Amino acid sequence: LEANIQTALRECNYGRWNGLALKNVTASEPDAVARWLSDLSAAPHGGETLADLSRRVSAWIDETLAGRGRAVAVTHASVIRAAIVHVLEAPATAFWRIDIEPLSIVTVTSDGRVRKLRFPPSHIQTS
């Protein structure tokens, strides 16, 4: 494999919230956090909107799946959420309903017409 940096897969730019725990930001800016969590076009932190993040991730997926072969991407939870929403053609509001655990593996497959998600069996949990 040849590794290269894909700027489309970089973490969301959280502006002045970069590096801060969400619980701390929520304590100091509850209205701003509430707006950010409910409106993907909002960027009260002065950084990138989640809508913009989703657009760049979607463009990368479309371009990558149009090519032949395989790609392995190591990236951040927000990027993975955006990718899942795009592949499933889910509404943008589904973004916050996806919980990405550290070191998760999500596989996107395509036959040129249909895109699917595949999760390793170790991610299946029973009650």
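**Entry 1, ground rules.** I am working with a predicted model, where local features need pLDDT of at least 70, side-chain atom pairs count only at pLDDT 80 or more, and totals for chains, interfaces and linings use all residues. Residues are numbered from 1 along each chain as its sequence is written, and side-chain values use heavy atoms, with hydrogens and water left out.

How many aromatic pairs does the structure hold? I found four. For Phe, Tyr and Trp (its six-membered ring), a pair needs ring centres within 6.5 Å; planes under 30 degrees apart are stacked, over 60 edge-to-face, and the rest tilted. I looked up W36 and W96: their ring centres are 5.1 Å apart and their planes stand at 70 degrees, so I noted the pair as edge-to-face. W36 belongs to helix 2 (residues 30–38) and W96 to the loop between helix 4 and strand 1, so this pair ties together parts 60 residues apart in sequence. Helices here are DSSP runs (H or I, at least four residues), as are strands (E, at least two), numbered from the N terminus.

Y14, W17, W36, F95 and W96 make up one aromatic cluster.

I used relative accessible area with a 1.4 Å probe, protein chains only: buried is under 20%, exposed over 50%, partly exposed in between. W36 is buried at 4%, F95 is buried at 1%, and W96 is partly exposed at 30%.
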